[in-house]
Amino acid sequence: MRITDLLQEQGILLGAAPADKAAAVELLISLQSVQGNLSNPAQFREALLERESQSPTAIGSGIAVPHARSASVLRPGLSAMTVPGGVDWGAPDGSPSCLIFLIAAPEGEDGLHLELLARLMRLLMREEFRAQLMAAATPAAFRAAIDQAERTEFPEDFPSHAGHDIPRVLAVTACPTGIAHTYMAAEALEQAARSMGCPIQVETNGAAGAARVLTPEEIATCAGIIVAADREIDMARFDGRPVLRVPVSAGISRPAELIQEVLDGKAPVYHHKETSVPPSRPIQGGESLCHTIYKQLMNGVSHMLPFVIAGGIFIAISFLLDDPALGYSTFGTNTQLAAWFNTVGNTAFHFMLPVLSAYIAVAIADRPGLMTGFVGGALAASGYTFPFLSSEPVSAGFLGALVAGFAAGYLMRLLQRLLSGLPTPLEGLKPVLLYPLAGLLLTGLFMCAVNPFVGIINTALDGTLDTMGEGSRIALGIAVAAMMAVDMGGPVNKAAYVFATSTLAAAMPAVGTSIMACAMVGGMVPPLAIALCCTFFPSRFYPAERRSGLVNYIMGLCFITEGVIPFAASDPARVIPACVTGSALAGGLVAFFNCTLPAPHGGIFVFPVIRNVPGYLVALAAGSLAGMLVLALLRKKRA
């Protein structure tokens, strides 16, 4: 965010002579009002004075930068004033403040004033720059001095446009993971624009954040904007401008065509409605309901990935560093070092489902959906319900977190629509009170009503497994292993795992049971099948998926089935059947070879205590290869 984007000439007062700090505050607020930044100057004054009461905002060296966040701020803004005689602002060095900037930030824009403060101070620390501002004869000269200083200090914010001041076409690119396709689309659009002789500015919304962010000046003067994105981005800034919305793949495959459509005036005018529900028919460049839901889902998946990968690797390290001779029932936590890695890894894992749910909700309802999504995901993970319905909480797993995310998001959308007619004075209560309170109530009621049904399913699964018994050993092995691959840590997976571990109680400690061996192989196969498919059939995955998929070699060997969740969440119709097929085959072979396992966890680290290790390895390899082949057949080429 450039300083000159927020500071207009009418917001600058030179040579002022306020009697005191209070008078200076009134002048600065009036400059904000003149720029149309405030809906209620009195309310903003209260917020500003409250901030000043906490500690003075004078920096010293004749500089003061008062700032405040308030619901009365319609849009971020700056006002500036030079006071040759100075005004006492409580500076730590005792000097009067001669150069004063006022930052007005909307409620919820927590980082905006900090970003502007950092940017301003980086410039104002130069004495020659301060002198230049104090000597400015007109507001235009004052603003031009800031513009020149910004261009010198922050050249990355002022890219060259081949002799053109403002790009004719703007673009925004974003893929679900923010890695490969985001930048491939940007590069394709830039190359096509160069060949067409058309100036372009491309904003990339990558994993590390947005780069080359489009400015209000560029948006206001361009011919149109191409939004090539497969996840939600900030669209409110494009209200009233021609916008062509397409998948990120279109930015890679047909950039010249998209640019020409914008130049020909074929991009429809975009109208931002915060409370609108995604339409059921194609809109603006062919975005359909399915593609909208996919973007919302992938917003959750992309934010969840770091928790899955880093947490899984830490858990794997805990097994590597542990001593199985100290006990298999507590394997991974027997030594202090192993326990540390296990605890940190599991802590990351516990955030996985709430993060997935939260960022699905954010993609649907923007920031108001964050809290309700987090709580919905946590309730799904815990399985909590109304006490009078069930006394035994059952985790709803990642499928429950998906439901929670979409429910929290659309319930918040409903609230936004219901509360859209509130009087203006109550607008400030929405983000801090009304949305969180009502959203939490609705999401809590919904999830507590849904979770008992998961418990009913889980109880039925347990009963089915119990009735199969030892007499159907191979069939039982197939069923248990297949269930381990259905929802990767969800209720079906947990039902199979709990049933398998319960069989250890009646088994010989050194021998274990075949069912436990079937459960573990069923959980090891899905990550290995994904990793093998990424290796031998790379065209079925996007580049970013291939990179994260290789981590599943480690997770699969360590019996961490959750590594498959990002793939299953984004493509459940193909990934889950492939994983279930591979796990079922592996489980049946483990039962056929009569392999047994006395440890409830550990993956390759407990192989020494498995009876008939060769048979187990054959089953694991066969199941992993089968899952790989089925997935390769079901998925189309991605890249």
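Modeller: Let us begin with A396, which sits in the loop between α13 and α14 (397-418). Please bear in mind throughout that this is a predicted model.

Biologist: Why is A396 called buried?

Modeller: The cut-off for buried is under 20% relative accessible area. A396 has 4% relative accessibility, so it counts as buried.

Biologist: What makes the pair of F314 and F341 tilted?

Modeller: There are 9 aromatic pairs in the model. For F314 and F341, the ring centres are 5.1 Å apart and the planes meet at 55°, so the pair is tilted. An angle under 30 degrees would count as stacked and one over 60 as edge-to-face. The two residues are 27 apart in the chain, with F314 in helix α11 (residues 289-321) and F341 in helix α12 (residues 336-365). Together with W340, they form one aromatic cluster.

Biologist: Why is the pair of Y359 and F374 called edge-to-face?

Modeller: The planes of Y359 and F374 stand at 75°, so the pair is edge-to-face, with the ring centres 6.5 Å apart. Y359 belongs to helix α12 and F374 to helix α13 (residues 369-382), so this pair ties together parts that are 15 residues apart in sequence. Y359 is partly exposed at 24%, and F374 is partly exposed at 29%.

Biologist: Which residue lies in the loop between α12 and α13, and what is its phi?

Modeller: That residue is D366. Its phi is near 65°, a positive value in a residue other than glycine. With a relative accessible area of 49%, D366 is partly exposed, since exposed requires over 50%.

Biologist: What makes E190 and R212 a salt bridge?

Modeller: The requirement is a side-chain nitrogen of Lys or Arg within 4 Å of a carboxyl oxygen of Asp or Glu. The closest N and O atoms of E190 and R212 are 2.7 Å apart. E190 lies in helix α7 (residues 180-196) and R212 in the loop between β9 (209-211) and α8 (216-221), so the bridge ties together parts that are 22 residues apart in sequence. E190 is buried at 14%, whereas R212 is partly exposed at 35%.

Biologist: Why does the pair of E187 and R194 count as a salt bridge?

Modeller: The closest N and O atoms of E187 and R194 are 3.9 Å apart, and the limit is 4 Å. E187 is partly exposed, with a relative accessible area of 35%. R194 has 57% and is exposed.

Biologist: What links E203 and R237, and where do they lie?

Modeller: Their side chains meet in a salt bridge at 2.7 Å, N to O. E203 is in strand β8 (residues 200-206) and R237 in the loop between β10 (224-229) and β11 (243-246), so the bridge ties together parts that are 34 residues apart in sequence. E203 is buried at 2%, and R237 is partly exposed at 23%. D234 is linked with E203 and R237 in a network of salt bridges. The structure holds 11 salt bridges.

Biologist: How do you know that strand β5 is largely enclosed?

Modeller: Strand β5 (residues 77-87) has 9 of its 11 residues buried, so the rest of the structure largely encloses it. β5 pairs with strand β1 (residues 12-13) in the parallel sense over 2 bridges, and I12 stands opposite A80. With strand β6 (residues 97-106), β5 pairs in the antiparallel sense over 7 bridges.

Biologist: What makes L437 exposed, and to which patch does it contribute?

Modeller: L437 has a relative accessible area of 57%, so it is exposed. L437 lies in helix α15 (residues 429-468). With L426, L429, V432 and L433, it makes a nonpolar surface patch of about 420 Å².

Technical notes: Residues are numbered from 1 along each chain as its sequence is written. This is a predicted model: local features need pLDDT of at least 70, side-chain atom pairs count only at pLDDT 80 or more; totals for chains, interfaces and linings use all residues. Side-chain values use heavy atoms; hydrogens and water are left out. Rings of Phe, Tyr and Trp (its six-membered ring) pair if their centres lie within 6.5 Å; planes under 30 degrees apart count as stacked, over 60 as edge-to-face and the rest as tilted. Helices (H or I, at least four residues) and strands (E, at least two) are DSSP runs, numbered from the N terminus. Buried means under 20% relative accessible area, exposed over 50%, partly exposed in between (1.4 Å probe, protein chains only). Patches are made of residues with over 30% relative accessible area and no salt bridge: like charges are joined within 9 Å, nonpolar side chains (Val, Leu, Ile, Met, Phe, Trp, Tyr) within 5 Å. Accessible areas come from the Shrake-Rupley method with a 1.4 Å probe; for residues, only the protein chains shown count as cover. Two strands pair if DSSP finds at least two bridges between them.
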